[in-house]
Amino acid sequence: MASSDAAAGTATAGGGEAGRLFIRQTSGLVRELGIPAATGISLASVAVVNTFINFNAGLTDFAKADMYLPLVAAAVIWLVAMFAYRYLLRAVPRAGGEYVYLSRIVSPVAGSMAGLGIAVVFTYVLSTNAHFAAQFTPFMLSGLGAAFHSTAIANAGNHLTSNIAIAWLSIIVMLVVAALSLFSVKIVARIIFGLIILQVVAFLALIGMLAFNSHADFVTALASYSHHPGAYQAIIAGGKSNGVVFGTSIAAAVAIIPFMVLNYNGVLYSYYVGGELRRPGRTYLYASAISIGVLVVLWIGVWALLRARAGLTFMQAQANLGVINPTAYGKITSLSSVSGGLGYGMVLSSDPITKILFATAVPLAEIAVNLAFLTVTTRVLFAQAFDRLLPVRVAKVGDRNHAPNVAIAIVLVIGCGFCFLTSLVNLGSIVALQSLFFALILLAGGVAALMLPLRRADLIDLSGISESERSRFLRKVTVVGAATTILALFTVFELVTHSSVYGKFSVESIITLLIVLGSGPVIYLIARAIRRQRNSLDLAMAMHELPPE
Amino acid sequence: MRGAFRKSKKQRALRIFFTTDVHGSDVCFRKFLAAAKVYQPDILLLGGDFAGKGLVPVLRTDGALRAQIEGHEVSVPAAEWDRLAADINKRGFYAAQLDAAELAALQQDPAALDRLFRSQIAAQAQRWCALAAERLDPVVRCIITPGNDDPVDADPVYAADGRVEFPESRVCDLGPVAMASLGVVPYTPWSTERECSEEELAKRISELLDSLPDGRQAIMNFHCPPYGTGLDDAPELDATLKPVIRGGRPSIVPVGSHAVRDAIKHYQPVVSLHGHIHESRGVQKIGRTLCVNPGSDYSSGVLRGAVVDIAEDGTCLDFLLTTG
């Protein structure tokens with residue numbers, strides 16, 4: 001049957017020039033995501049604009065932190081991992097990420113551990129992103145108020161700081177994401193791409209603002225914004241008197257590498273929709289390389305500008321004073337201490353357009369991130385349902401939008417529940433090991449790539465090449481897999497040894513991590529036992545990868 | 001919960017691994033054969049559209065071979081023909097060595113190109129039969145039936161082969177069930193080789209299924225899926241065969257067969273196996289019939305399939321969609 005690429009040719013000669021393919025008949029395919037869409041999913045999963053806030057968080061969490069080395073080192077780690085995932089995607093070109101790779105290459109139990117764990121943690125991340133966007137609503141309204149010269153809008157933000165208001169705002173963000181995700185994956189990718197463009201415009205506006213204003217301009221603008229003539233020096237002095245440590249050190253730069261690795265988390269996420277990528281290996285590689293390249297250039301450039309205009313000492317003082325002594329900080333300036341570079345942009349901005357851009361950058365970024373995460377999470381559920389690990393209904397695709405609507409509904413309902421819990425109950429101790437989970441996911445990818453040539457070399461289709469070339473290629477896959485595993489282990493080690501920053505090991509957090517990691521294998525083993533007892537088909541069969549030879 | 005663990009009284013008597021629409025992909029066919037070891041079926045069933053749709057002309061020039069593969073110009077010494085052909089076949093295309101004059105002639109002569117395609121498809125059928133004989137355990141039956149995209153030139157190759165069975169337009173005995181196979185589909189916009197009207201299709205189906213003894217459980221292996229079941233959704237095309245865009249996305253419409261749907265309702269086979277529409281992977285029930293379209297992703301070397309277990313009394317015990 002011919003369908004979508006029908007126009008490519010007819011039953012006779014479709015070729016023309018020497019060497020071109022002759023087409024006889026055509027057939028439709030489900031793979032519709034090209035490099036721009038895959039790049040959109042990768043960049044959106046990272047939330048480019050969040051970096052301003054993440055820089056600020058890094059300065060708060062790590063004394064004597066500088067970002068150059070961590071930004072480059074983390075990019076190198078993801079670059080190595082990018083090749084590992086490329087080999088995995090080439091051997092197993094479909095949706096589902098680590099769930100599919102581990103279940104096919106290592107064991108179904110390992111795959112189910114990653115699969116359900118990813119689904120649960122990513123659903124939680126959806127809610128924290130929505131919560132983050134909700135928390136930024138006052139900043140957004142104050143920026144919009146300044147842009148439109150409306151005190152009513154600016155003051156409205158003051159009424160949206162209670163826990164219940166944040167909870168409802170989080171739900172609204174989730175519902176917006178839900179409505180947008182009901183479009184087909186191609187349109188969702190376009191929406192994500194559009195939101196990224198807005199983020200990049202905000203980013204570029206901020207870069208321009210930092211580039212075309214001097215340090216003295218920033219000091220003057222901060223004084224004006226704060227209605228405090230010596231605000232800049234007062235913040236540094238306040239930092240000193242409150243024990244903030246200034247300067248940089250190599251040890252701090254190394255310790256912050258895992259933080260930056262997490263900052264880049266998502267940059268390779270186009271492999272999760274591998275089943276929908278056109279020419280998956282190539283599309284994934286280009287999308288990931290473009291995304292990593294864009295982020296390294298943008299982030300290092302912005303960090304250099306921030307250091308030159310605001311100054312490292314000021315940034316360290318501002319980030320930490322707002323946390324250590326918010327009262328003293330509040331007496332100096334009304335600039336949010338957690339807004340980081342975006343706040344500096346707001347200080348320097350003198351026109352309504354850039355004010356609107358900076359004000360809306362974070363909420364729009366979070367909507368883009370959530371759309372990307374929702375796409376990723378539902379594809380993991382989708383893959384598990386097709387393997388009969390979850391009910392088949394979960395994999396049902398909508399007639400109109402061709403999206404997994406049931407999976408989307410499940411993720412959103414649970415996500416909204418998490419939104420309320422995040423806003424109204426302190427989940428901090430329970431989800432403290434979220435960072436560790438993400439590092440473990442990277443480790444899982446590294447292990448899968450390492451095991452690929454050892455356990456399932458038959459999946460690497462190298463027909464037509466000599467035995468020595470084949471051995472060389474398999475060695476290359478092993479080396480890349482081993483390198484990714486070692487780098488992921490380094491990240492895990494740093495996370496564990498800096499638990500005061502990345503998440504404390506409490507009874508609650510460890511039990512939560514064990515439940516998240518253990519629920520997948522338990523569900524798999526129970527479902528398999530039930531089916532075997534009933535003379536049904538063995539679930540493990542669905543997780544076999546057929547060798548091409 | 002105790003009920004969930006209750007052992008079924010029925011025992012498996014037959015396991016079928018069904019796949020479809022591999023469109024000349026050597027990788028998918030090799031995976032199809034490998035499925036015998038992985039899923040341990042009694043029958044491997046390839047339900048139509050085995051023929052490839054593209055042919056890469058390989059230009060012979062001064063001891064070298066030149067070809068364009070997925071947009072990339074490739075040049076290898078003539079001695080590496082086998083390797084180059086294997087690489088092209090892996091992508092589901094046929095490779096043909098031509099000199100410049102032959103290539104120029106082929107571009108001007110659609111009939112010659114059609115003949116070349118047919119000979120390539122028949123040659124591949126021969127290679128696949130040999131591969132099946134070499135790789136399959138003798139106890140595993142290998143059944144291949146055509147789809148609308150398959151030229152009739154390949155039929156005699158499969159029909160004459162001793163290892164592969166080719167029961168097109170026939171009912172064959174699978175033990176607990178009988179299987180009726182039909183590769184013909186209702187008219188498509190491309191006027192492919194095996195097409196007819198809905199009325200004609202209904203007539204052929206009746207002739208086929210009316211020959212079944214009363215009470216005999218049956219499986220329908222009909223390439224075309226039943227109309228309006230979600231197993232037959234494909235992009236709507238305009239008069240120029242371009243996808244119709246509505247609301248910013250391709251309009252999706254059912255393109256299955258009313259005759260097949262009516263036959264399923266009337267004869268109620270235990271299972272009906274379909275292909276044809278690559279995008280519409282899924283499972284649906286019509287009455288007591290389990291209708292399956294495993295879909296196809298052959299161009300990525302992914303083999304989509306379905307494992308179906310049949311009990312001694314011919315009823316369907318269980319199924320599993322596979323991706324390998």
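The points that follow treat the cavities and then a helix crossing.

1. The model is a predicted one. Five cavities of 30 Å³ or more are present in the structure. The largest cavity has a volume of about 80 Å³.

2. The lining of the largest cavity comprises 11 residues, and the closest to its centre are Ser181(A), Val188(A), Thr375(A), Arg379(A) and Ile408(A). By class, the lining residues divide into six nonpolar, four polar and one charged.

3. As to secondary structure, helix 9 (185–212) and helix 18 (352–386) of chain A each supply at least two residues of the lining of the largest cavity. Helix 18 of chain A gives the most to this lining, with four residues.

4. The axes of helix 5 (residues 108–135) and helix 8 (residues 163–181), both of chain A, come within 8 Å and cross at roughly 120°. Helix 5 of chain A is therefore oblique to helix 8 of chain A, since angles of 65 to 115 degrees count as roughly perpendicular and those over 145 as roughly antiparallel. The crossing of helix 5 and helix 8 of chain A is right-handed.

5. At the contact between these two helices, helix 5 of chain A contributes Leu126(A), Ala130(A), His131(A), Ala133(A), Ala134(A) and Gln135(A). They meet Ile166(A), Leu169(A), Ser170(A), Val173(A) and Met174(A) in helix 8 of chain A. The residues of this contact divide into eight nonpolar, three polar and no charged.

Methods. Residues are numbered from 1 along each chain as its sequence is written. Chains are lettered from A and ligands numbered from 1 in the order in which they are written. This is a predicted model: local features need pLDDT of at least 70, side-chain atom pairs count only at pLDDT 80 or more; totals for chains, interfaces and linings use all residues. Side-chain values use heavy atoms; hydrogens and water are left out. On a 1 Å grid over the protein atoms alone, a cavity is a set of points where a 1.4 Å probe fits but cannot get out, and a pocket is an open set with protein on both sides within 12 Å along at least five of seven lines; lining residues have an atom within 4 Å of a point. Grid points are joined across faces, edges and corners, and a volume is the space filled by probe spheres set on the points. Ala, Val, Leu, Ile, Met, Phe, Trp, Tyr, Cys and Pro count as nonpolar, Asp, Glu, Lys and Arg as charged, and the others, Gly among them, as polar. Axes are lines fitted to C-alpha atoms, for helices over the stretch in contact, and angles run from 0 to 180 degrees between N-to-C directions. Angles under 35 degrees count as roughly parallel, over 145 as roughly antiparallel, 65 to 115 as roughly perpendicular and the rest as oblique. A crossing is left-handed if the near helix is turned anticlockwise from the far one by less than a right angle, and right-handed if clockwise. Contact means heavy atoms within 4.5 Å.
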